[in-house]
Every structure is written in C-alpha cells, then in structure tokens.
Amino acid sequence: MTNNYLKLQFYSLPQNQAFARDAVAAFCVQSNPSLSTLSDIKTAVSEAVTNCTVHAYGPDVGIITIECDICGDVLHISVTDAGRGIDDVERAVKPFYTTLPGDERSGMGFTIMQTFMDDFSVSSKKGEGTVVSMTKQLAAEVENV
Amino acid sequence: MKIQTARSGSRLVIKLCGEMDEYSAAQVRTACDDIIDRNKTAGSIVIDLADVAFMDSTGIGFLIGRYKKAGKMGIKLAVQSPNFAADKVLSLAGIYTLIPKVN
C-alpha cells in the first residue's frame, strides 16, 4: 500500500468542525477502511477539533493543524493547536471531567478518542498549546452485523 | 439540523435530522427546549435519532440537558433509532441507564 500524507490548517471556527472530520475521512477512504473504522476516525477528529475550538482558543480564533500519515494500512493523525494548553492532562483525560460543566459539556471527548482509536496520547504545555496524537488500523475488517 | 415533531396523545416525538456537533448543538438545544415548553402536557418525549448522520460527545450533553429539563416538568425522556456510530457514543457514556432506548 502506498504511503500518503495530508496536512490541513484552518481557523478554530466551529463551522470548520464538519469540514475537518469529513476531509480526514475522505483522505482515509483510499485505504478502503470499514464503515465503522471510518466512523470512529470521524468522531475522534471531531472531538479533537472541538477541544481546540472550545478549550484551547475559547472566544479567540487560532490555527488548528491536522496532519495525517498513512503508512501501510495504519493511519497516524495529529491535531495541534497553539492555544492555552491543558493544566493537568491526567485529569483532563478522565471520563466525565469537564472545565465547563454549565455548558452541557459531557467531559467524554478524550474518552471517546481513547476508546475509538487504537493508540492515543496528549502532549500539552501551558500557554503554548496541545498536540493530540492518534493511530488507527485502516485494514478492512470483518464487520459485525 | 432540521427538527420535526409529532404529537400522539401524551407522546411527543422530536425527530432530529443532520449532524450534531458543537456547531449545530446550540440551535438544536434552543429549538428543542421551545418545543418542550410548548408541550407541557406531554407524558413522554422520544428523541428520534434515525436521521442523525453524525453525533459526537456533544450529543451526550444535549440529551442529558433535555433529560434534566423534561424531568423537572415530570416528563419522561427516551431515544430511538440511533445509527451504529451514535449508538456507540451513547453506549460508551452509559446514557441508556438514564434515557432508555425504545423501539
């Protein structure tokens, strides 16, 4: 399988969330993933981009960078912002933890990324930004019907 | 997102169509709350997710918000027909222990 690379940069505007997840999904289609794999990737990307919009930049507008690397049948994806950073990553990735409980936030974003992708890591520095890295096997699987 | 409603006796069905994410949620929240406020006599509300093509964790917050609102008014809330992707998100969060999935 040919290796391939994609880099997307866009403003942290909420209306770009659908664009970002659909663009990544369209890039992955060439590897013929199952529908459930594609759906997992879209959801994880949506969560990562939403975090950049809501938490990293808040009311400000900044740049979100998504890089996708397809190596063989494995997708490596990173979502990077240059926003405020996460104070306590260990706490932030816990299920149902949210810094904005009044906004009907579920606090499940990182848990979904972690569960839906094969590998997941967060690296963040206060005042400098956050990088979320994720990996997903793209090989077609037998679907559970 | 588009929203359709159907009332049959004390049962109100709110059908959502489109993609639910951070961007679309605010409008859907307001519209659903307006619908709930106009149906105070409803005994139960079913959120129909059959035509929700995409839903991330925003959907969890949305459903819990409507569950709380309906609960304060003495109205039961349920969901029906989530696609496999939305079902995975909602199952992971344990939503169905609060808001049952009905057929």
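Reply: The contact between the two chains draws on 26 residues of chain A and 20 residues of chain B. The model is a predicted one, and every value here is computed from it. When chain A and chain B are put together, an area of about 1800 Å² is buried between them. Carbon and sulfur atoms account for 57% of that area.

Charged pairs come next. Side chains of opposite charge can pair when their charged atoms come close. Over all chains the count is 16 salt bridges, and between chain A and chain B it is six. One salt bridge between the chains is formed by the side chains of A:Arg21 and B:Asp21, with 2.9 Å from N to O. A:Arg21 sits in helix H1 of chain A, while B:Asp21 is in the loop between strand S2 (11–20) and H1 of chain B, so this pair joins two chains. Another salt bridge links the side chains of B:Arg29 and A:Glu104, at 2.8 Å from N to O.

Ten residue pairs, with both residues at pLDDT 80 or more, are in polar contact between chain A and chain B. On the side of chain A that touches chain B, at least two residues each come from helix H1 (16–28), helix H2 (35–56) and helix H4 (109–116) of chain A. Of the elements on this side, H2(A) gives the most, with ten residues. Sorted by class, the side of chain A that touches chain B holds eight nonpolar, eleven polar and seven charged residues.

The largest pocket also involves both chains, as its lining shows. Its volume is about 620 Å³. The lining has 34 residues, and those closest to the centre of the pocket are A:Asn51, A:His55, A:Tyr97, A:Thr99 and A:Phe110. Two or more lining residues come from each of these elements of chain A: H2, strand S3 (74–81), helix H3 (89–92), H4 and strand S5 (129–137). From chain B, helix H1 (22–37) also gives two or more. H2(A) supplies the largest share of the lining, eight residues. By class, the lining residues divide into eleven nonpolar, twelve polar and eleven charged.

Conventions: Residues are numbered from 1 along each chain as its sequence is written. Chains are lettered from A and ligands numbered from 1 in the order in which they are written. This is a predicted model: local features need pLDDT of at least 70, side-chain atom pairs count only at pLDDT 80 or more; totals for chains, interfaces and linings use all residues. Side-chain values use heavy atoms; hydrogens and water are left out. Contact means heavy atoms within 4.5 Å. Buried area is the accessible area (1.4 Å probe) that two parts lose on being put together, summed over both. A salt bridge is a side-chain nitrogen of Lys or Arg within 4 Å of a carboxyl oxygen of Asp or Glu. A polar contact is a pair of N or O atoms within 3.5 Å; within protein, one must be able to donate a hydrogen and the other to accept it, and residues adjacent in sequence count only if both atoms are side-chain atoms. Helices (H or I, at least four residues) and strands (E, at least two) are DSSP runs, numbered from the N terminus. Ala, Val, Leu, Ile, Met, Phe, Trp, Tyr, Cys and Pro count as nonpolar, Asp, Glu, Lys and Arg as charged, and the others, Gly among them, as polar. On a 1 Å grid over the protein atoms alone, a cavity is a set of points where a 1.4 Å probe fits but cannot get out, and a pocket is an open set with protein on both sides within 12 Å along at least five of seven lines; lining residues have an atom within 4 Å of a point. Grid points are joined across faces, edges and corners, and a volume is the space filled by probe spheres set on the points.
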